[in-house]
Amino acid sequence: MTRERTSDKRWTGGAQSDDRALTEALEICASSGRLSDAQVRGMRAARQRRVVAASAMVAMAVVGGGLWRDLRRDGGAVQVAHLETRRGERRAVRLADGSTVRMDGATRLDVRLEAAQRRILLSRGEAFFDIAHDPARPFEVVAGRSSTRVLGTAFAIDLAADGVKLAVYRGRVRFGVAATEDGVTVPAGWRSQFRGGVVASPKRFDRDQPDWRGGWLDTDAMRLGDLVDKLNRRSGPLIALSEPALADLPLSGRFKLDTPRQLLEAMGEAYGFTVRQQGNTLHLQPKA
């Protein structure tokens with residue numbers, strides 16, 4: 001009898017068994033001397049639920065923590081991250097410094113946070129930046145040949161085929177040629193664009209109106225080619241220009257982006273082109 005009790009204690013020692021359900025079963029057996037099949041199945045099910053929940057927590061931690069890579073430079077910490085969205089995908093990311101970035105579809109950027117500066121390279125698409133205020137670390141967004149420098153503010157940048165468009169929603173930014181001091185100061189409620197190496201004088205816009213994040217586009221002197229690029233970042237049919245000259249048609253106004261075919265057909269009536277669908281592509285071509 002003594003030998004049997006010693007055996008039970010050895011198995012219920014916890015560290016000797018990797019199966020927690022088995023350990024619990026043996027503990028009950030040791031105290032009561034009996035255990036039904038239903039109790040065993042219930043214990044194993046509970047154990048599996050705990051394992052699945054723990055695995056999910058680990059997966060979330062890996063995804064969140066895997067965004068950043070830590071480097072060392074001149075004795076200081078450097079954090080870098082590559083962020084990219086697919087066509088039709090939107091993504092909001094909180095950066096390690098507390099800033100947030102909302103990315104439109106088909107957008108790509110690289111983040112580099114250092115002790116004395118913060119820098120983003122926008123190589124494709126459009127993003128809205130809400131920058132955490134930090135006077136000791138200026139924040140710069142480079143898009144094409146343009147540079148936007150801030151301390152703490154909120155603004156949107158669109159890297160289009162013919163240049164870079166900026167809209168400021170809070171604070172003020174310095175907008176100009178990358179790696180130089182040239183440029184203009186753009187306050188909240190104003191926008192500008194960088195084209196051909198020149199920064200345009202800022203113009204007012206209504207920052208309280210929904211923008212691309214709400215499915216709207218409010219612009220002046222925009223090319224049809226840029227509108228096509230913007231629509232192609234979204235889900236739905238692709239849009240193609242059958243004639244390159246169509247890309248330079250100037251557009252102005254406020255447009256709803258959720259119904260691209262209806263939008264383009266209405267524009268075609270005014271600007272002299274037609275919309276023809278072939279497969280999953282809308283082809284824009286001049287009227288005969």
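Which side chains are joined by a polar contact of 3.1 Å? They belong to E126 and W212, and one of the close-ups below looks at that spot.

**About the model.** This is a predicted model, where local features need pLDDT of at least 70 and side-chain atom pairs count only at pLDDT 80 or more, while totals for chains, interfaces and linings use all residues. Residues are numbered from 1 along each chain as its sequence is written, and side-chain values use heavy atoms, with hydrogens and water left out.

**View 1. The whole chain, before zooming in.** The protein chain has five helices and 20 strands. Helices (H or I, at least four residues) and strands (E, at least two) are DSSP runs, numbered from the N terminus. Of the 288 residues, 37% are buried; here buried means under 20% relative accessible area, exposed means over 50%, and partly exposed is in between, with a 1.4 Å probe and protein chains only. The accessible surface comes to about 16000 Å², and carbon and sulfur atoms own 52% of that. Those areas come from the Shrake-Rupley method with a 1.4 Å probe, and for residues only the protein chains shown count as cover. A contact is a case of heavy atoms within 4.5 Å. Among contacts with a separation of 6 or more, 44% are between residues 24 or more positions apart.

**View 2. E126 and its partners.** E126 sits in strand β6 and is buried, with a relative accessible area of 6%. Besides W212 at 3.1 Å, the side chain of E126 makes a polar contact with the side chain of K230, at 2.6 Å. A polar contact is a pair of N or O atoms within 3.5 Å; within protein, one must be able to donate a hydrogen and the other to accept it, and residues adjacent in sequence count only if both atoms are side-chain atoms. Not counting residues up to four places away in sequence, E126 also touches others, including R102, D104, I157 and R233. R102 is 24 residues from E126 along the chain, with 8.7 Å between their C-alpha atoms.

View 3. Strand β3 (residues 91-94) pairs with strand β4 (residues 100-103) in the antiparallel sense, over four bridges. Two strands count as paired if DSSP finds at least two bridges between them. A92 has R102 in β4 as its bridge partner. Five residues lie between the strands, and in this hairpin G98 takes a positive phi near 95°.

View 4. What is the relative accessible area of R118? The value is 1%, so R118 is buried. R118 belongs to strand β6 (residues 118-130), while R137 is in the loop between β6 and β7 (139-143). R137 counts as buried too, at 18% relative accessibility. A polar atom of the R118 side chain lies 2.7 Å from the backbone oxygen of R137, and the backbone oxygen of L151 lies 3.2 Å from a polar atom of that R118 side chain. The side chain of R137, in turn, reaches the backbone oxygen of E114 at 2.9 Å. D97 is among the residues in contact with R118, and D97 is also one of those in contact with R137.

**View 5. Helix α5 and its two sides.** Helix α5 (residues 260-271) has 12 residues and reaches 16 Å from its first C-alpha to its last, close to the 16 Å expected at 1.5 Å a residue. The expected span is 1.5 Å times one less than the number of residues. Which residues of α5 are buried? They are P260, L263, L264, M267 and G268. They cover an arc of only 135° around the axis, which puts them on the same side of α5; the arc is that of the directions from the helix axis to the C-beta atoms. An α-helix has 3.6 residues a turn, so residues three or four places apart point the same way. On the other side of α5, A266 and E269 are exposed.

**View 6. What α5 packs against.** The buried residues of α5 pack against several elements, including α4 (224-232) and β18 (250-256). Helix α4 is mostly covered, with eight of its nine residues buried. L257, in the loop between β18 and α5, is buried at 2% relative accessibility. Among the contacts of L257 are L227, K230, L231 and L263.
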